[in-house]
Amino acid sequence: MSMRTAVTHQAPPGPWSRPAPIPMDAWREDDRFVIALDLPGVPLEAIEVDALGQVVTVKAERRPAPRGENARTRLAERSHGVCERRIQLADSLDPGRITAHLQDGVLTLTVPATAAPRPRKITVQTGGAGESSPVESGQAVPAAA
């Protein structure tokens with residue numbers, strides 16, 4: 001391919017011309033889960049992070065670079081448009097305490113782990129309607145007369 005052909009060739013639209021997943025890495029670090037998503041060239045105001053239940057959705061939009069009124073595109077390889085990523089969190093993570101930080105085109109989400117569930121003693125009630133006597137779990141239940 002000659003230099004002239006390479007410069008005037010228009011590449012097909014990039015992967016962000018339609019909703020596409022955002023590249024990411026994820027890892028466990030002590031008592032938290034960390035997710036790093038690549039969003040180069042996406043300004044802060046074009047990023048949305050939502051949590052619904054245990055699903056976190058990251059949505060971003062990279063807009064085309066502004067050009068002058070008389071500009072004629074010769075080569076367009078940089079993708080633009082909307083991208084989205086849904087991440088299913090484990091039940092051991094707390095989506096209500098997610099923090100998000102954008103630096104150098106990388107969005108980092110930190111998701112703390114929930115407190116480990118502890119067993120609790122449950123009192124079992126016996127008797128008919130209106131009459132009841134508590135019986136501690138693990139004790140023998142009195143025979144009915």
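Which residues does Asp 25 touch, not counting residues up to four places away in sequence? They are Val 34, Ile 35 and Ala 36, where contact means heavy atoms within 4.5 Å. The points below start from the basis of the model and return to this residue in point 3.

1. Basis. This is a predicted model, in which local features need pLDDT of at least 70 and side-chain atom pairs count only at pLDDT 80 or more, while totals for chains, interfaces and linings use all residues. Residues are numbered from 1 along each chain as its sequence is written, and side-chain values use heavy atoms, with hydrogens and water left out.

2. Overall content. The protein has 1 helix and 9 strands; helices (H or I, at least four residues) and strands (E, at least two) are DSSP runs, numbered from the N terminus. The order of elements from the N terminus is α-β-β-β-β-β-β-β-β-β. Of the 145 residues, 22% are buried. Here buried means under 20% relative accessible area, exposed over 50%, and partly exposed in between (1.4 Å probe, protein chains only). Among contacts with a separation of 6 or more, 51% are between residues 24 or more positions apart.

3. Strands 1 and 2. Strand 1 pairs with strand 2 (residues 32–38) in the antiparallel sense, over 6 bridges; two strands pair if DSSP finds at least two bridges between them. The two strands form a hairpin with 2 residues between them. In the turn, Asp 30 has a positive phi of about 55 degrees. Ala 26 stands opposite Ile 35 of strand 2. Asp 25 is also found in strand 1 and counts as exposed, at 52% relative accessibility.

4. Strands 2 and 7. Strand 2 also pairs with strand 7 (residues 106–112), in the antiparallel sense and over 7 bridges. Val 34 has Thr 110 as its bridge partner in strand 7. Val 34 is also one of the residues that Asp 25 touches.

5. The 3-4-5 sheet. An open sheet is formed by 3 strands in the order 3-4-5, with antiparallel pairing. Strand 3 (47–52) and strand 5 (81–88) are at the edges and have a single partner strand each, so one side of each is left without a neighbour in the sheet. From one strand to the next the twist averages 15 degrees, with axes taken as lines fitted to C-alpha atoms (for helices over the stretch in contact) and angles running from 0 to 180 degrees between N-to-C directions. Strand 3 and strand 4 (residues 55–62) run antiparallel and are joined by 6 bridges. One of the residue pairs is Glu 48 with its bridge partner Lys 59 in strand 4.

6. Arg 62. A salt bridge is a side-chain nitrogen of Lys or Arg within 4 Å of a carboxyl oxygen of Asp or Glu. A polar atom of the Arg 62 side chain lies 2.9 Å from the backbone oxygen of Pro 40.

7. Salt bridges. The structure holds 5 salt bridges. Among them is the one between Glu 61 and Arg 63 (3.8 Å, N to O). Glu 61 is partly exposed, at 32% relative accessible area, and Arg 63 is partly exposed at 46%. Another joins Arg 97 and Asp 94 (3.6 Å, N to O); Arg 97 is partly exposed at 47%, as is Asp 94 at 22%. Salt bridges with shared partners join Glu 29, Asp 31 and Arg 32 into one network. Within the Asp 31 to Arg 32 salt bridge, the closest N and O atoms are 3.8 Å apart, and Arg 32 is partly exposed, with a relative accessible area of 28%.

8. Pro 21. This residue lies in the loop between helix 1 (3–8) and strand 1 (24–29). Pro 21 is exposed, with a relative accessible area of 55%. Pro 21 and Glu 84 are 63 residues apart in sequence, yet 5.3 Å apart in space, C-alpha to C-alpha. Leaving aside neighbours within four places in sequence, Pro 21 is in contact with Glu 84 and Arg 85.

Note on methods:
Polar contact = N/O pair within 3.5 Å; in protein donor to acceptor, adjacent residues only side chain to side chain.
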